[in-house]
Amino acid sequence: MKTNQQDKQIVKTFPGEKAYFIAIILFQQTLGALTYPIAKYGLAKIEPFTFAFYRFLIAAIVLLTVVKFQTQTVKIEKKDYKRIIGMGCMIIIFNQTAYLFGQKLTGAGHAALLYATVPIWIFIGGLLYLKEKFVLRRAIGVILGMIGVILIIASGAVELGTQYLIGDLIIMVAVIAWAVYTFMGRPLVVKYGAIRTTAYALASGTVLYFPFGLFRALTFDYSKTDLMSWLSVLYVALGVF
């Protein structure tokens with residue numbers, strides 16, 4: 001029986017590797033969790049589309065600068081540019097812009113709770129779109145995550161009401177868009193690396209958003225903004241991409 005070469009590949013490890021990766025994941029999750037209240041504060045001072053303009057611009061410039069100083073061994077194929085632009089449209093227009101606009105209309109806890117369902121959509125999409133094999137352990141994890149979401153709602157920790165409905169629906173669009181972005185980007189991440197793929201997708205989406213965002217930024221009244229609101233923009237731009 002032939003064995004796939006990838007199965008034969010020996011992965012080098014180092015002492016404490018598992019603890020290192022767990023610490024990295026916990027750090028990333030902490031940054032992500034803080035995004036919701038921090039963004040909520042900034043959006044109280046800066047309208048969503050202007051907030052988004054500065055966030056995207058800062059994040060795109062920083063990521064492209066990082067890529068500039070990296071050594072690239074694989075040239076991006078022409079056929080992949082369409083997918084990268086599609087990813088940019090999905091992550092900027094349908095995910096991040098929708099998230100910021102929806103966050104303005106709902107509570108910080110609502111957005112955090114809805115984003116907790118992302119693994120569920122990725123799991124379902126992986127089965128349907130990427131034709132991945134059903135893995136029982138992943139399915140159990142998804143089910144436990146869903147139970148957690150239900151328990152939080154049932155406990156009354158998140159206030160429900162029609163006043164949040166529009167914001168919650170917009171956030172849900174952002175959640176689905178994030179899952180679709182993940183499906184689209186997975187082959188490119190394997191081929192070109194996560195940072196490079198993210199940088200180019202984010203940059204292309206920022207270019208698409210730029211004319212509208214610039215108009216909103218130029219016509220926005222900055223009189224009510226303060227240092228903390230701009231630090232909120234900076235955090236959301238650099239802390240979670």
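**Exercises: helix packing and a buried glycine**

Helix H3 (residues 48-68) packs against helix H10 (residues 227-239) at an angle of about 45°, with the axes 8 Å apart. The model is predicted: local features need pLDDT of at least 70, side-chain atom pairs count only at pLDDT 80 or more, and totals for chains, interfaces and linings use all residues. Residues are numbered from 1 along each chain, and side-chain values use heavy atoms, without hydrogens and water.

**Exercise 1.** Classify the packing of H3 and H10.

Step 1. Take the angle of about 45°. Step 2. Apply the cut-offs: under 35 degrees is roughly parallel, over 145 roughly antiparallel, 65 to 115 roughly perpendicular, and the rest oblique. Step 3. H3 is therefore oblique to H10. Step 4.

**Exercise 2.** State which residues of H3 and H10 meet.

Step 1. Contact means heavy atoms within 4.5 Å. Step 2. From H3 come Phe51, Tyr54, Arg55, Ile58, Ala59 and Val62. Step 3. From H10 come Trp230, Ser232, Val233, Leu234, Val236, Ala237 and Leu238. Step 4. By class, this contact has eleven nonpolar, one polar and one charged residues.

**Exercise 3.** Classify the packing of H4 and H8.

Step 1. The axes of H4 (residues 78-105) and H8 (residues 165-192) come within 8 Å and cross at roughly 155°. Step 2. H4 is therefore roughly antiparallel to H8. Step 3. The crossing is left-handed.

**Exercise 4.** Decide whether Gly126 is buried or exposed.

Step 1. Locate Gly126 in helix H6 (residues 118-128). Step 2. Buried means under 20% relative accessible area, exposed over 50%, partly exposed in between (1.4 Å probe, protein chains only). Step 3. Gly126 has 0% relative accessibility, so Gly126 is buried. Step 4. Not counting residues up to four places away in sequence, Gly126 touches Lys131, Glu132 and Phe183.

How values were computed:
Axes fitted to C-alpha atoms, helices over the stretch in contact; angles between N-to-C directions. Helix = DSSP H or I, 4+ residues; strand = E, 2+ residues; numbered from the N terminus. Nonpolar A, V, L, I, M, F, W, Y, C, P; charged D, E, K, R; others polar. Left-handed = near helix turned anticlockwise from the far one by under 90°.
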